[in-house]
Amino acid sequence: MLGSQDYLHYIIKKTKEHNLDNITRTKAYQNFYLRFPEIKWAFVASLVSRNAGWNMTDLYLPPFKKLLSHKKRQQLFMTYERANWLIFSDAYPQLLVYKLSRKLNMPLFDLLTGLRVSTFMVHEWYQFWQHHDQNRLMTALIINEQNVIQRPVMKQAYFKYQVFSRLPYLIQDFLFMNAVILPTRSPNLYGAFVHDFTNVTNRITLGKHLAAIIYDPTIYQNLLDFATTMEHTGSRRDYERFLQLHLPRSPLLRVVYPTISHQDIIRKDWYKLGGIKSKWFQDVQNHSIHSNVGASFYKKRHLLYASYHIKKMFS
């Protein structure tokens, strides 16, 4: 009979296999959701992870190459990559422990303490096993993932001073140029704009807002249809093929980026350090769930290209 160490070895090995790059992470989230649809967070994570890949390859588009130095673009890439890697390294072991628990028909969530998962999530998984509240678990995982990256990425000295305090990020934040796009196999694009990304409460609210859109009964099937039929390449061409656009296409992720080797620093339990705010579990007031975010997003893209062409003319 297998013991705790055998399970931990299996989980660590499988997590490492799927944590190679943005492509493998996105696929792992999606494949897990298709097998265990009660874990609603996994589908949300797969769609948000697609956006991380698109943000990475956007940095190779002409305006970004012209307006940002190579060093600055590499710093932005590492910000996306580090956060994407870190969330997966924490969340995917939780999914695998749930998978083992289902297989053995007994809760194995004590294993999570040996995987440096927060005590908050250990409690939430036991709660889910007992009460099967899918929405509460989804919200708990959103709260957890955003706290997991708060100190190692958002408040880490390198990212804080080299990325989040610099003009390119501040301008994009001020102009609401960044968005999480939820595409369909049609011109309809759903999603939400990202603002004040360094604020953990804002990111949690954004995550809950996106989840409300994704699981809206009039939208969900279209998003699932896109996800299951369109292979994730890390390029916006995955969904831009359904739009009438006349903009350059971003490259495939694996063509322009190598596999990054990450150092896994010793993690501290964010829950023990700061606890949670009660408002993090409150439902979002979703007034714009059916708005087509794509029109506004690509209007700003065209303005970005106009700025690029003007700068190119005078350089």
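Helix α11 is mostly covered, with twelve of its 15 residues buried, where buried denotes under 20% relative accessible area, exposed over 50%, and partly exposed in between, for a 1.4 Å probe and protein chains only. The model is predicted, so local features need pLDDT of at least 70 and side-chain atom pairs count only at pLDDT 80 or more, whereas totals for chains, interfaces and linings use all residues. Residues are numbered from 1 along each chain as its sequence is written, and side-chain values use heavy atoms, with hydrogens and water left out.

Helices (H or I, at least four residues) and strands (E, at least two) are DSSP runs, numbered from the N terminus. The buried set of α11 comprises V200, T201, R203, I204, L206, G207, K208, H209, L210, A211, I213 and I214. Among the elements covering these residues are α3 (41–58), α7 (134–148), α8 (150–154), α12 (220–229) and the strands β1 and β2; contact here means heavy atoms within 4.5 Å. The expected span of a helix is 1.5 Å times one less than its number of residues. For the 15 residues of α11 (residues 200–214) this gives 21 Å, and the end C-alpha atoms are 21 Å apart, which agrees.

One of the bridge partners is Y190 in β2, which faces L182. Strand β1 (residues 179–183) is largely enclosed by the rest of the structure, because five of its five residues are buried. A179, I181 and P183 point one way from β1, while V180 and L182 point the other way. Strand β2 is mostly covered, with four of its five residues buried.

**Cavities and pockets**

On a 1 Å grid over the protein atoms alone, a cavity is a set of points where a 1.4 Å probe fits but cannot get out; a pocket is an open set with protein on both sides within 12 Å along at least five of seven lines, and lining residues have an atom within 4 Å of a point. Grid points are joined across faces, edges and corners, and a volume is the space filled by probe spheres set on the points. The whole structure holds two cavities of 30 Å³ or more.

The second largest cavity has a volume of about 60 Å³. Its lining consists of D58, L61, R236, E240, L247, P248, S250, Y298, R301 and Y305. Helix α16 (residues 293–314) gives the largest share of that lining, three residues.

The largest pocket has a volume of about 470 Å³. Of its 16 lining residues, T15, K16, W85, S89 and D264 lie nearest its centre. Helices α1 (4–18) and α5 (70–104) each supply at least two residues of this lining.

In the table, Ala, Val, Leu, Ile, Met, Phe, Trp, Tyr, Cys and Pro count as nonpolar, Asp, Glu, Lys and Arg as charged, and the others, Gly among them, as polar.

| Lining | Composition |
|---|---|
| Second largest cavity | five nonpolar residues, one polar residue, four charged residues |
| Largest pocket | six nonpolar residues, six polar residues, four charged residues |

**Positive phi in loops**

N105 has phi near 55 degrees, a positive value in a residue other than glycine. N105 is found in the loop between α5 and α6 (119–131) and is exposed, with a relative accessible area of 65%. H132, also a residue other than glycine, has a positive phi near 60 degrees. H132 is placed in the loop between α6 and α7 and is exposed, with a relative accessible area of 55%.

Conventions. Two strands pair if DSSP finds at least two bridges between them.
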